[in-house]
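Below are my entries, in the order I looked things up.

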Amino acid sequence: MPLLRRKRKPEPVVEEPEAPKLPDPPEPGAGGLRAMADHRAYLLSCIEPLPPFGQQILDSVGLSLCEDVVAGVSMPRFDNSAMDGYAVRAADVQNATEQTPVSLPVVGEVQAGSPAPHTLSPGTAMKIMTGAALPEGADAIVPYEATDRGAEDVRINEPSINGQHVRRVGEDVNEGDTVLRAGDRLTSRSIGLLAAIGVDQVMVRPRPRVVVVSTGSELVEPGLALQNDQQIYDSNSYMLAAAAKAAGAQVFRVGRVPDDPAQLKQVISDQLVRADLILTTGGVSQGDYDIVKQVLPELGPCDFSGVAMQPGKPQGFGLIGEDQTPIIMMPGNPVSAFVSFEAFVRPVLRKLAGVEPFVRPTVRLTAARAITSVPGKLQFARGVVRTDDQGHRTVDLAGGHGSHLLGGLSLSDALLLIDEETDFVAAGDEIDCWLLGEDN
Ligand code: AMP
Ligand code: MG
């Protein structure tokens, strides 16, 4: 009986976790296409910088510092000699000249890293090496070049003044000075400074881990033989891996996946564990085998849109898997993929790494020849920059307009941005460019 009286536990209410969603995308403009800058701002708004971690200074070059660094020591740490020569009292040699040299007894020697043997008495000199601590009593250094380099006595034939060739304690950096600030991007110079003040580790944002996948059943790995006339080598995964590396990422190039939905889903799912960002090319346009568009929404919320740019119109973005890992899905034509990288991936990589500015600055250069353009879309033409004898830079076209023209792309060192309204640029007109060779 008691059993019957026992209250039944209410069924636990299983709440369906709310499916993750992307923020509302920006409104398209005229022609139903999204402006390039709007799409870029949208992607940037969907990702956050990676959390900081402690890293050895040598592995931190190019990374963004996440803490202020305060010098724990002054530089120089002690008054020391800037020259190989003799430590003296300036007053003893203030009138020395070639005609009226001053002779002083040499009473010892100081090397870098060793203390002076004793205080310098008036009327004497002590041999001293660059970087060695200034002996007490000395206030100037006479370089070898102004002496006869004597060992017992030294003949000095130039006058000296107090402090000459002496590096003063703290004249470069003072203990307690903030030498680097959060947000600074570490260079070889700043890493030298960190080492100089005795710092071996810093808090930085890590290199984003980027997985690169190319899709297409026609693709063959370079180095292997092409089997038929329909196959081509996979250039995108190499090009994008190289571009991501140059932008500071740690890259995992997966390479080609055929146009098979199950295989693509498997590969992308498997890669999620090691990705802060996934890049794919191909399969986002209107073709029957454009499987990226078909498969990726199964892994997380995605946004496929037409962007008012040429090349690079079809663009895909998603936040996939458990961790909502960002994925940027680019068109397959190599030039389209490259332009998409420059327009969207590079800024996203820089935001992940906390490196500002996220967007490349545009530089105005003079067009070397007339350029026609299709209005309605932002045209990205490939350019070659030339500098004349006066240092004036002009930009010329490299190769044609086609998005399959990788030869022309490889010759270029700039992208020309010809805006939606412009259909003609005359020779001599100024034009907006992104300089590709510069890490800006
Ligand atoms: P898709 O965007 O997949 O329709 O591809 C557009 C064009 O780009 C086709 O001619 C593809 O063969 C070519 N393509 C796609 N992926 C690659 C790649 N990884 N390397 C070189 N060409 C590619
Ligand atoms: Mg394809």
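**Entry 1: Asp 234**

Which side chain of opposite charge is nearest to Asp 234, and how many Å away is it? I found Arg 253, 4.0 Å away. Asp 234 is buried yet has no salt bridge. I took buried as under 20% relative accessible area, exposed as over 50% and partly exposed as in between, with a 1.4 Å probe and protein chains only. For charge, Lys and Arg count as positive, Asp and Glu as negative, and His and the chain ends are not counted. A salt bridge needs a side-chain nitrogen of Lys or Arg within 4 Å of a carboxyl oxygen of Asp or Glu.

I noted the ground rules here. This is a predicted model, where local features need pLDDT of at least 70 and side-chain atom pairs count only at pLDDT 80 or more, while totals for chains, interfaces and linings use all residues. Residues are numbered from 1 along each chain as its sequence is written, chains are lettered from A and ligands numbered from 1 in the order in which they are written, and side-chain values use heavy atoms, with hydrogens and water left out.

Next I placed the residue. Asp 234 sits in the loop between β14 (232-233) and α4 (236-246). Helices (H or I, at least four residues) and strands (E, at least two) are DSSP runs, numbered from the N terminus.

Leaving out residues up to four places away in sequence, Asp 234 touches several others, among them Ser 214, Pro 222 and Arg 253. Contact here means heavy atoms within 4.5 Å.

**Entry 2: ligand 1**

I counted 18 residues around ligand 1; Asp 234 is one of the closest, with Glu 218, Ser 235, Gly 283 and Gly 332. A residue is near a molecule if one of its heavy atoms lies within 4 Å of it.

A nitrogen atom of ligand 1 is 2.8 Å from an N or O atom in the side chain of Asp 234. For Ser 235, a polar backbone atom is 3.1 Å from a nitrogen atom of the ligand. For Gly 332, a polar backbone atom is 2.9 Å from a ligand oxygen atom. Taken alone, ligand 1 exposes 480 Å², and the protein buries 76% of that. The areas come from the Shrake-Rupley method with a 1.4 Å probe; for residues, only the protein chains shown count as cover.

I looked for cis peptide bonds. The bond from Gln 310 to Pro 311 is cis, with omega near -5 degrees. Pro 311 lies in the loop between β18 (309-310) and β19 (314-320). The bond from Glu 356 to Pro 357 is cis, with omega near -5 degrees. Pro 357 belongs to the loop between α7 (334-353) and β21 (363-367).

Then I checked phi. Arg 149 is not a glycine, yet has a positive phi of about 60 degrees. Arg 149 is exposed, at 52% relative accessible area.

Terms used: Polar contact = N/O pair within 3.5 Å; in protein donor to acceptor, adjacent residues only side chain to side chain.
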